[in-house]
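Dear colleague,

My notes on what was found in it follow directly after.

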Amino acid sequence: MTQHYYKQEDGQKIATEVNLNAYAYSQKYSWLFSVFIKFDLEDKAQEKYEEFLDTKASIIMSIEHDDAAKYVGSRVVDGWTELYFYSKDSKSLNNKVSPILSSLEYPYEANVVRDGKWDFYTHNLYPTELESHHMQSREVLEMLIDEDDDLSIARPVEHYVYFDTPTQKERYVKNLSLEGFEYKDDIDSEDFDNGIALVKTHELLPEVVDKAVEAVYESLQKDHGHYEGWSTTLIDDAIND
């Protein structure tokens, strides 16, 4: 499953694409092959952008052909599109892709290094726990948009957290001091015990949701809590209630 998100790195938001299931190939593919292509996505006309996406797709298909390598993700940094693959070996892959890359109309660089532990994939492509929550938020927001919801209208939003022990949960509730958040009720489910729901009224604009998620997530760290996600209702339903 391929997901798109923005990864935080040195205070910079990096547009990232990652195959979340790629690690399943880690036992067979131990060489990290990278291709950097110079293309400023923001400065090009739409048709040029589409041409570049076709070129990117062709490169990926060609390199993956015959299972010589597996595409694991890409990043866009300072006008360079970085494509990353893991391959079974380095020599045969270089021989195979050189003709493909030399035919590009864009400046490019290519490199291959040994990465048997998949450190690059783990640290530079795969989302952190907090980044995964932001990705889940985007999926929920897209569903609301599909229902013609107005995300700029504030409504009660429940944020769900859980703890390893009842003592941790009780201490967190007692010391709760998040601005605008209130304890709503306890939650126990098949997936986890010692859970609670927090509620706050806020807009559902992406930046507002991200800020709320980050506030709850960070508040859990000292009490060893876990963030589970959030939910709300369509604005029409909220008004009718």
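**Findings**

Apart from its neighbours within four places in sequence, Gln3 is in contact with Thr16, Glu17, Val18, Leu20, Met135 and Glu139. Please note that the model is a predicted one. Gln3 belongs to strand β1, residues 2-9. Its relative accessible area is 15%; since the cut-off for a buried residue is under 20%, Gln3 counts as buried. The side chains of Gln3 and Glu139 are joined by a polar contact of 3.1 Å.

Strand β5 (residues 80-87) deserves a separate paragraph. Seven of its eight residues are buried, so the strand is largely enclosed by the rest of the structure. β5 pairs with strand β3 (residues 31-38) in the antiparallel sense over eight bridges, and Leu32 stands opposite Tyr86 of β5. Strand β4 (residues 69-77) also runs antiparallel to β5, joined to it by eight bridges; here Arg75 has Glu82 as its bridge partner. The hairpin of β4 and β5 has two residues between the strands, and Asp78 takes a positive phi near 50° there.

Turning to helix α2 (residues 91-102), its twelve residues should span 16 Å at 1.5 Å a residue, and the end C-alpha atoms are 17 Å apart, which agrees. Leu93, Val97 and Leu101 are buried in α2. These residues cover an arc of only 50° around the axis, so they lie on the same side of α2. The exposed residues Lys91, Asn95, Pro99 and Ser102 are carried on the face turned away from that buried side. Among the elements covering the buried residues of α2 are β3, α1 (46-64), β4, β5 and β6 (108-114).

Finally, the nonpolar cores. The largest comprises 21 residues, and those with the most contacts inside it are Val161, Tyr172, Leu204, Val216, Tyr227 and Trp230. At least two residues of this core are supplied by each of α4 (129-146), β7 (155-163), β9 (195-202), α6 (206-219) and β10 (225-231). The largest share, five residues, comes from α6. A second, separate core has 18 residues, including Ile37, Ile59, Leu93 and Val112.

Which residues does Val161 contact, leaving aside its neighbours within four places in sequence? They are Tyr172, Phe192, Asn194, Gly195, Ile196, Val216, Leu220, His226, Tyr227 and Glu228.

With kind regards

Note on methods. Residues numbered from 1 in each chain as written. Predicted model: local features only at pLDDT ≥ 70, side-chain atom pairs only at ≥ 80, totals over all residues. Heavy atoms only, no water. Core = buried A, V, L, I, M, F, W, Y, C linked by side-chain atoms within 4.5 Å. Buried < 20%, exposed > 50% of the residue type's maximum accessible area, 1.4 Å probe, protein only. Helix = DSSP H or I, 4+ residues; strand = E, 2+ residues; numbered from the N terminus. Contact = heavy atoms within 4.5 Å. Polar contact = N/O pair within 3.5 Å; in protein donor to acceptor, adjacent residues only side chain to side chain. Pairing = 2+ DSSP bridges. Expected span 1.5 Å × (residues − 1). Arc of directions from axis to C-beta.
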